[in-house]
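This report looks at how side chains pair up in one protein model. It takes aromatic rings, then charges over rings, then salt bridges.

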Amino acid sequence: MAKILVTGGAGFIGSNFVRRLLRDTDHDVVNVDALTYAGNLENLSDVEGDGRYSFHKADIAEFASIEPVLRETRPDSIVHFAAESHVDRSVHDASAFVRTNVVGTQILLDVARMHDVGRFVHVSTDEVYGSLGSSGRFTETSPIQPNSPYSASKAGSDFLVRAAHHTHGMDCCITRCSNNYGPYQFPEKLIPLMISNALAGQPLPVYGDGKNVRDWIHVEDHCRAVQLVLENGVAGEVYNIGGNSERENLHVVRKLLELTGQSEDLIRFVKDRPGHDRRYAIDGAKIERELGFVPEWTFEDGMAATVDWYREHGAWVDRVKSGAYRSYYETQYGRLD
Ligand code: NAD
Ligand code: TDX
């Protein structure tokens, strides 16, 4: 039994990971989250009473906020999910991305070293590799060529984690995963946004020609891979994690319209995202060979299960979409008729 501190545990992937650790291990789990617009404790309401779980509201970018949490809880390991995570928001204003993703990661590394934390798993993204043409896949040795303020800030955090291992001998691993989908994803990202709009009979905004490609992975597969890296990864190594499910955006949107029983007339082609990366695809050979990870969800089963989840959690979606989400939506999309 160990004590695992999870940052960003009130967000989409972090909350799925916290639930997984409590369900499948005997570890104690300390969830640290600043509860930004993307952090929602309702995502973990089912584990609130668990004696092995605790929540601490703290900001990783403020030493005086995060340091006391580690001093008090003394975790054995950290799994670092906390980040500003949405590319479109980083196009509007990158400052929070630099603050949390870059400065926050360095402060967290400093505090972890100060309190002799062992393994530090840094959860990163395939977007740090930039964009692919019509062929090829990202390997762990692909050049780091981030194109958006979001991915540049994640690449910066990856380099700081690499440096902490190289300079201070910290026990760090980095994971770089492709696009996640599944329960509790905030409806600013493609799949939950399209599902919630389709269920409400509202227009579906597709950027550009809709032919950009992402490699979709179910969040449960991603969380299982991160757990394998936490348990068996080699210090200083990077592990790519992919879903073996490359799909064009338009294919994804059409599939979701089919699953929600809505017409393709709801599709609206809107102005493209500035600097929009064309294609991401992960070569997952290293994590398969070294840690035995292969994704289990097929794209088709995962999409159907996710549509069912959003259908059954209408109240969660309504609460999440109220308030600040509305003004973001208007800034990003204006009126879609
Ligand atoms: P999310 O936006 O749903 O959650 C991020 C969480 O971090 C929120 O709970 C938020 O409150 C918290 N947070 C933000 N700033 C903080 C701060 N300063 N201090 C403490 N907590 C703070 O994001 P997500 O989609 O769950 O992504 C989690 C991680 O996985 C991120 O690091 C992201 O870069 C990475 N990732 C995401 C995907 C994806 O498809 N969503 C793919 C690959 C990697
Ligand atoms: O309204 C939309 N219309 C649209 O066409 C939105 C929100 C997205 N898109 C397109 C842009 C992308 O090609 O869909 C694709 C996926 O977009 P996002 O869901 O915003 O994801 P992406 O930009 O690919 O980044 C995601 O994957 C990697 C996550 O948000 C990151 O946190 C992760 O690191």
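## Aromatic rings

Tyr184, Trp309, Tyr310 and Trp316 form one aromatic cluster in this predicted model. Rings of Phe, Tyr and Trp (its six-membered ring) pair if their centres lie within 6.5 Å; planes under 30 degrees apart count as stacked, over 60 as edge-to-face and the rest as tilted. A pair of aromatic rings is described by the distance of the centres and the angle of the planes. In the whole structure, the search finds 12 aromatic pairs.

One of these pairs is Phe138 with Tyr280: the ring centres are 6.4 Å apart and the planes stand at 45°, so the pair is tilted. The pair joins distant parts of the chain, 142 residues apart. Phe138 is in the loop between strand S5 (120–125) and helix H5 (149–168), and Tyr280 is in the loop between strand S13 (267–270) and helix H9 (285–291). Helices (H or I, at least four residues) and strands (E, at least two) are DSSP runs, numbered from the N terminus. Phe138 and Tyr280 are both buried; buried means under 20% relative accessible area, exposed over 50%, and partly exposed in between (1.4 Å probe, protein chains only).

How are the rings of Tyr207 and Tyr333 arranged? Their centres are 6.3 Å apart and their planes are at 20°, so this pair is stacked. Tyr207 belongs to strand S8 (residues 204–207) and Tyr333 to helix H12 (residues 324–333), so the pair ties together parts 126 residues apart in sequence. Tyr207 counts as buried at 12% relative accessibility, and Tyr333 is buried at 11%.

## Charges over rings

A charge sits over a ring if NZ of Lys or CZ of Arg is within 6 Å of the ring centre and within 35 degrees of the ring normal. The charged end of Arg89 sits over the ring of Tyr37, 3.6 Å from the ring centre. Lys286 has its charged end over the ring of Tyr239, at 4.9 Å from the centre.

## Salt bridges

Side chains of opposite charge can pair when their charged atoms come close. A salt bridge is a side-chain nitrogen of Lys or Arg within 4 Å of a carboxyl oxygen of Asp or Glu. The search of the whole structure finds 21 salt bridges.

In one of them, Asp46 pairs with Arg19, with the closest N and O atoms 2.9 Å apart. Asp46 lies in the loop between strand S2 (28–33) and strand S3 (53–57), and Arg19 in helix H1 (residues 12–24), so the bridge ties together parts 27 residues apart in sequence. Is Asp46 buried or exposed? Asp46 is exposed, with a relative accessible area of 51%, while Arg19 counts as buried at 16%.

Helix H1 also holds both Asp24 and Arg20, four residues apart, about one turn of the helix. Their side chains meet in a salt bridge (3.9 Å, N to O). Asp24 is partly exposed at 42%, and Arg20 is buried at 12%. Arg20, Arg23 and Asp24 are linked in a network of salt bridges.

Arg176 forms a salt bridge with Asp158, the closest N and O atoms being 2.8 Å apart. Arg176 is in strand S6 (residues 172–177) and Asp158 in helix H5, 18 residues apart. Arg176 is buried at 5% relative accessible area, and Asp158 counts as buried at 1%.

## Conventions

Residues are numbered from 1 along each chain as its sequence is written, and chains are lettered from A and ligands numbered from 1 in the order in which they are written. In this predicted model, local features need pLDDT of at least 70, side-chain atom pairs count only at pLDDT 80 or more, and totals for chains, interfaces and linings use all residues, while side-chain values use heavy atoms, with hydrogens and water left out.
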